[in-house]
Amino acid sequence: MDVFLELKTALETFPFQLPLTLLLIITGTVLLGLVLRIGRKTAPYPPGPKGLPIIGNMNMMEQLTHRGLAKLAKQYGGVLHLRMGFLHMVAISNAEAARQVLQVQDNIFSNRPATIAISYLTYDRADMAFAHYGPFWRQMRKICVIKLFSRKRAESWNSVRDEVDTIVRSVEASLGNPVNVGEFVFNLTKNIIYRAAFGSTSQEGQDEFISILQEFSKLFGAFNIADFVPFLGWLDPQGLHKTLVKARAALDSFIDKIIHEHIEKKRNFNCDQETDMVDELLNFYGHHTKLNNDSDDLHNSVRLTKDNIKAIIMDVMFGGTETVASGIEWAMAELMRSPDDLRRVQQELADVVGLERRVEEADLEKLTFLKCVVKETLRMHPPIPLLLHETAEDASVCGYFVPKGSRVMINAWAIGRDKDAWEDPEAFKPSRFLNPHVPDFKGNNFEFIPFGSGRRSCPGMQLGLYTLELAVAHLLHCFTWGLPDGMKPSELDTSDVFGLTAPRASRLVAVPSKRLLCPL
Ligand code: HEM
């Protein structure tokens, strides 16, 4: 009886006036759900806040951030259950549960959840990042790892070096004046990825592309009732469908033109130019996506359509831009708040490189403390704070039932700050990584997973780390940095904002002065 009372109250407060037939369908579905639930003889759902009938915990939507979920985990534990409409959600906030999901049962937990908007904007998951785990994803991943992100593809790494040079020159032009470090580094990573993807160093078209990306980013996070209560899809109160069609059409016309130019370039045998990611992907071009898992030769085993190529390029743009920019900005901000660590890392640069020349790639391996700074930054501020996975089958985690199709959020941010795994977790202490027994981020220590772990872990890790280390090394070696307007280090804001990534809420502004004795 209680159920009917709760149901009645929930419907009265529900913002939409539903027609009677719809009410009957909903009631029937809820009753069917209850019957099935009673009949299910498995472990209980993980603990979590009690939800309302039908809408479940949808009234807690704004708490689904890394910080909100970490707070809930303190109350309910490292495996937490929420229900958003018809969708089960499980948040994982400790290392052991993360190991269960990312290693022990990764064959079940390696699918990716996608909203209706994401499915549409990725051409029905024609990319790698949102493709479900399976033969198609495996081939896409092989292409990306071998052909796009590998150390052998010198062009991607060259664009990092060239664009880091450009940012050093831009900072030099502003010596003695406040510099918006956040904006500078976002431009840096955007230029690196744009150039690695399309080969063009010119600004032409970049602004248009960035506004398409921003629109996509907004739509990726847009609330859509149909994601949680599928049969309400027809409501579309925000007119989302029209906006999605417009956004994808904008991307189509932008990248179709670029693909066409690349095909023409190839046809004219103009092959002596540097190749970019579009060129690499066009080597697999065909009119239909095709997989042939019997062949070991990548070129014989997969054909990509234009939609696949467009969707992969978007993965690279999303995966490689804000993540790296957020890492560089947080590293600089934490060092500005911690003058002793800043002095120590700059002293290391002076000792290893010397003040008569700029940092070179070969120096990076010897910059032990700089690497500790990067690790400590990624522990406290993992650029992707929540790893989003989905279950392919019913599963059990730490004795709790996780049904098929659940959205699983692994809270890398909370795990990196877990006081059971880290001493003084809220303090920025790069020197903790000098201890050889401290967890590392290569994927085997589940206390520290800024790049994820297992099958869906980040394929761009090497390129991302290289950019992060090189940019921070150059900014700290070439310049001395001060805070503007007599601001004290302790006054620096450390709040973040939640989206696909978790960048600083306010951009870091600092004043550079020249440090090196040689011309920059
Ligand atoms: C500091 C830099 C970076 C960090 C911290 C980072 C972190 C991550 C994380 C946490 C994931 C999800 C792992 C999971 O779901 O378990 C991921 C996936 C991914 N990353 Fe990165 N990333 C970085 C740089 C890059 C770069 C530079 C690229 C490309 C140029 C890239 C491309 C991707 C792609 C395509 C995926 C999806 C992989 C899949 O679903 O199979 N990332 N990254």
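In this predicted model, the secondary structure of the protein chain amounts to 18 helices and 11 strands. The chain has 520 residues, of which 54% count as buried.

**Overall make-up**
- Among contacts between residues at least 6 apart in sequence, 73% join residues that lie at least 24 apart.
- The protein chain exposes about 23,700 Å², and carbon and sulfur atoms supply 55% of that area.

- In soluble globular proteins, nonpolar side chains tend to be buried together.
- The largest nonpolar core holds 61 residues, and those touching the most other members are V181, I328, M332, L378, L476 and W481.
- Two or more residues of this core come from each of α7 (154-172), α8 (181-198), α14 (322-337), α15 (339-352), α16 (368-380), α18 and β10 (479-482), with α18 giving the most, at 12 residues.
- Once neighbours within four places in sequence are left aside, V181 is in contact with M332, W481, L508, V509 and A510.
- A second, separate core comprises 52 residues, including F149, F209, A247 and L251.

**The annotated position**
- An unreviewed UniProt entry places the feature "binding site" at C458, a residue found in the loop between α17 (412-416) and α18 (461-478).
- C458 counts as partly exposed because its relative accessibility is 33%, which falls between the 20% limit for buried and the 50% limit for exposed residues.
- Not counting residues up to four places away in sequence, C458 touches R141 and F451.

Terms used. Residues are numbered from 1 along each chain as its sequence is written. This is a predicted model: local features need pLDDT of at least 70, side-chain atom pairs count only at pLDDT 80 or more; totals for chains, interfaces and linings use all residues. Side-chain values use heavy atoms; hydrogens and water are left out. UniProt positions are given in the numbering used here, feature names are shortened, and annotations may be inferred rather than shown by experiment. Helices (H or I, at least four residues) and strands (E, at least two) are DSSP runs, numbered from the N terminus. Buried means under 20% relative accessible area, exposed over 50%, partly exposed in between (1.4 Å probe, protein chains only). Contact means heavy atoms within 4.5 Å. A nonpolar core is a set of buried Ala, Val, Leu, Ile, Met, Phe, Trp, Tyr and Cys residues joined through side-chain atoms within 4.5 Å. Accessible areas come from the Shrake-Rupley method with a 1.4 Å probe; for residues, only the protein chains shown count as cover.
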